[in-house]
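Here is a short report on one protein model. Look through the structure first, then read on.

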Amino acid sequence: MMMFRPFFHRTACFIAAAVFCAGCARYQRGTISHPQIDSAAVGLFENKTEWPTLGTSLRSKVAEMVMTDGSLVLTGADTADVVIRGKVVNVRFEQLISVKGDDNQLSDYQAEYRGAVYRVTLDVVYEVISPKLGNKVIIPATKAVGQGTYPKTVDMGIGRDEATRQATAAAARQIVAAVTEAW
């Protein structure tokens with residue numbers, strides 16, 4: 001009886017290891033991008049809003065995200081397998097959180113509430129085309145939304161600009177993820 005117990009434990013451990021290894025056998029390292037797409041170019045991102053430089057900022061962020069993702073090589077439009085292009089269609093600035101003002105003499109319903117945290121929301125429509133296939137649309141017009149937040153400070157412009165950079169980075173991440181993941 002004692003002789004059977006160590007044999008049983010060794011066999012059970014061997015079977016558990018074999019099942020574990022067999023379950024992990026199909027996993028592999030590397031990118032999950034489409035096998036026929038090796039390079040990308042970033043085309044024009046039009047700015048359809050009244051907020052200046054959003055198209056240019058988004059274009060540079062998309063290029064930066066393509067480079068840092070590592071799945072695709074960033075090239076010019078004449079040699080790229082795909083070109084990412086689009087337009088910024090809307091930008092919204094809204095208050096998220098308000099706080100009670102400094103006047104402690106007033107009751108809650110009479111107190112003045114002031115904005116404390118704000119959000120920038122950026123709506124982008126993008127598409128991916130293939131110049132090698134006669135500008136065939138690979139990914140049709142798709143929406144990406146980026147958001148950034150900023151607190152109330154003495155100079156609201158600095159916070160708003162940083163939140164706008166956060167929103168363009170978030171939208172660029174969505175765009176590049178949609179391009180680099182196999183469809």
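## Salt bridges

Seven salt bridges turn up in a search of the whole structure. A salt bridge here is a side-chain nitrogen of Lys or Arg within 4 Å of a carboxyl oxygen of Asp or Glu. Side chains of opposite charge can pair when their charged atoms come close.

This is a predicted model: local features need pLDDT of at least 70, side-chain atom pairs count only at pLDDT 80 or more, and totals for chains, interfaces and linings use all residues. Residues are numbered from 1 along each chain as its sequence is written, and side-chain values use heavy atoms, with hydrogens and water left out.

| Pair | Closest N to O distance |
|---|---|
| Lys61 and Glu64 | 3.6 Å |
| Glu94 and Arg119 | 3.0 Å |

Take the pair of Lys61 and Glu64. Both residues sit in helix H2, three residues apart, about one turn of the helix. Helices (H or I, at least four residues) and strands (E, at least two) are DSSP runs, numbered from the N terminus. An α-helix has 3.6 residues a turn, so residues three or four places apart point the same way.

How exposed is Glu64? Glu64 is partly exposed, with a relative accessible area of 34%. The scale is simple: buried means under 20% relative accessible area, exposed over 50%, and partly exposed in between (1.4 Å probe, protein chains only).

Arg85 is partly exposed at 34% relative accessible area. Glu127 counts as buried at 19%.

Glu94 and Arg119 also form a salt bridge. Glu94 is partly exposed at 29%, and Arg119 counts as partly exposed at 23%.

## Helix H2

Helix H2 covers residues 54-69, which is 16 residues. At 1.5 Å a residue, H2 should span 22 Å, and its end C-alpha atoms are 22 Å apart, which agrees. The expected span is 1.5 Å times one less than the number of residues.

Which residues of H2 are buried? They are Leu54, Gly55, Leu58, Val62, Ala63, Met65 and Val66. These residues cover an arc of only 165 degrees around the axis, so they lie on the same side of H2. The arc is that of the directions from the helix axis to the C-beta atoms. The face turned away from the buried side carries the exposed residues Thr56, Met67 and Thr68.

Look at both ends of the helix. Thr53 lies in the loop between E1 and H2. Its phi is near 70 degrees, a positive value in a residue other than glycine. Thr53 is exposed, at 55% relative accessible area. Gly70 follows H2, and its phi is positive, near 85 degrees. Most residues other than glycine have a negative phi, and most peptide bonds are trans.

## The nonpolar core

A nonpolar core is a set of buried Ala, Val, Leu, Ile, Met, Phe, Trp, Tyr and Cys residues joined through side-chain atoms within 4.5 Å. The largest one has 32 residues, and Phe45, Leu58, Val62, Ile84, Val124 and Ile175 touch the most other members. Strand E1 (39-47), H2, strand E3 (82-100), strand E4 (113-130), strand E5 (136-151) and helix H3 (156-180) each supply at least two residues of this core. H3 gives the largest share, eight residues.

What does Ile84 touch, leaving aside its neighbours within four places in sequence? Ile84 is in contact with residues including Phe45, Val62, Val66, Glu127 and Ile175. Contact means heavy atoms within 4.5 Å.

## Aromatic pairs

The structure holds two aromatic pairs. The ring centres of Trp51 and Phe93 are 4.8 Å apart and the planes are at 55 degrees, so this pair is tilted. Rings of Phe, Tyr and Trp (its six-membered ring) pair if their centres lie within 6.5 Å; planes under 30 degrees apart count as stacked, over 60 as edge-to-face and the rest as tilted.
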